[in-house]
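Visitor: I have not seen this structure before. Please take me through it in short steps.

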Amino acid sequence: MGCTFAKTSKSGSAQDLNHAGEAPGAPPAQDPRIPLTVRQKFSISKSWKAIARAMDQTGVAMFVKLFEENKELLALFEKFKHLESREAQEESEELKEHAVSVMNSLDEAINSLENVDQCIDYLHSVGKRHRKINGFKSEYFWKMEDPFLAAVKETLEDRYTENMESIYKTTIHFIIQTVIDGFEGTQQKNSA
Ligand code: HEM
């Protein structure tokens, strides 16, 4: 009896747990809003450096693929809706500028995965900014998923392993869902 009590008071009682409910010395709990392990976050931030060095190329490839698969989306872009051929899109400064701005927003999100509130708030704001686009529908965001993965694969070549593919899939899924939450205004406030 006494022994059980001593054991409980030593390492198992509520007062021995830190504020996050973990045992002392345990690794910090993962924020459940980010669907990546510590290791996966480390892998993507390392891998993303190669993408960050090739933003133009990756971004343009992503948009060219987006329009290849969804011709109707081109009409939403005032600045380059007239660019119907793949070649014209690949050479367009306007398209490149927009592609880099979208890639920069993905860069911002991926670099802030450790600051969960900041990352989510930022992605909500990106989503919200699409509300002012005439004719835009939230389901369009998912159309970027495959072009993003294909463009990343093209840039990374043999560094795009099966493991990295699975991490990029989880990450873009999280990013798009969070952007959609911001667009639709369904997000919870942080303080809640
Ligand atoms: C995860 C996916 C996406 C991200 C991160 C993203 C990000 C951005 C960013 C950063 C801008 C700059 C505008 C601003 O800051 O106000 C923008 C504008 C825009 N986005 Fe997206 N976007 C995404 C998906 C899409 C998709 C799939 C479409 C497809 C139709 C789209 C259509 C547009 C349009 C039409 C604009 C306005 C362009 C202009 O300045 O004329 N976006 N987006």
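Predicted model: local features only at pLDDT ≥ 70, side-chain atom pairs only at ≥ 80, totals over all residues.

Visitor: Where in the chain does A54 lie?
Guide: α2 covers residues 38-52, and helix α3 covers residues 55-69. A54 lies in the loop between α2 and α3.

Visitor: What distance separates the C-alpha atoms of A54 and V152?
Guide: V152 is one of the residues through which α7 contacts α8. Along the chain, A54 and V152 are 98 residues apart. Their C-alpha atoms are separated by 9.8 Å.

Visitor: How many helices and strands does the chain have?
Guide: From the N terminus on, the elements run α-α-α-α-α-α-α-α. The chain therefore has 8 helices and 0 strands.

Visitor: What percentage of the residues in the chain is buried?
Guide: A buried residue has 20 or more other C-beta atoms within 10 Å of its own. Of the 192 residues in the chain, the buried ones make up 21%.

Visitor: E69 is in helix α3. Is E69 buried or exposed?
Guide: Inside 10 Å, E69 has 12 C-beta neighbours. The limit for an exposed residue is 12 or fewer, so E69 counts as exposed.

Visitor: And how far is the C-alpha atom of E69 from that of M144?
Guide: M144 is among the residues that come nearest to the ligand. E69 and M144 are 75 residues apart along the chain. The separation of their C-alpha atoms is 10.0 Å.

Visitor: Which element gives the largest share of the shell around the ligand?
Guide: There are 21 residues around the ligand, and L73, L76, S105, R129 and M144 come nearest. The elements that give two or more residues to the shell are α5, α6 and α8. The largest share, 5 residues, comes from α5.

Visitor: How are α5 and α6 oriented to each other?
Guide: Two packed helices are described by the angle between their axes and the distance between the axes. The axes of α5 and α6 are 8 Å apart, at an angle of about 160 degrees. Angles over 145 degrees count as roughly antiparallel, so α5 and α6 are roughly antiparallel.

Visitor: Which residues of α6 meet α5?
Guide: The crossing of α5 and α6 is left-handed. On the α5 side, the contact uses S105, E108 and A109. In α6 they meet C119, Y122, L123 and V126.

Visitor: How many residues in the contact of α6 with α8 are charged?
Guide: The contact includes K128 of α6 and D181 of α8. By class, its residues divide into 7 nonpolar, 5 polar and, as charged residues, 2.

Visitor: What is the handedness of the crossing of α7 and α8?
Guide: The axes of α7 and α8 come within 10 Å and cross at roughly 140 degrees. The crossing is right-handed.

Visitor: Which residues of α8 make that contact?
Guide: The contact has 6 nonpolar, no polar and 2 charged residues. From α7 come E145, F148, L149 and V152. From α8 come Y168, K169, I172 and I176.

Visitor: Which residues does F174 touch, not counting those up to four places away in sequence?
Guide: F174 lies in helix α8, and with 19 C-beta neighbours inside 10 Å it counts as partly exposed. Its C-alpha atom is separated by 7.5 Å from that of I34, 140 residues apart along the chain. The residues F174 touches are I34 and P35.

Technical notes
Residues numbered from 1 in each chain as written. Contact = placed C-beta atoms within 7 Å. Helix = DSSP H or I, 4+ residues; strand = E, 2+ residues; numbered from the N terminus. Nonpolar A, V, L, I, M, F, W, Y, C, P; charged D, E, K, R; others polar. Near = placed C-beta within 6 Å. Axes fitted to C-alpha atoms, helices over the stretch in contact; angles between N-to-C directions. Parallel < 35°, antiparallel > 145°, perpendicular 65-115°, else oblique. Left-handed = near helix turned anticlockwise from the far one by under 90°.
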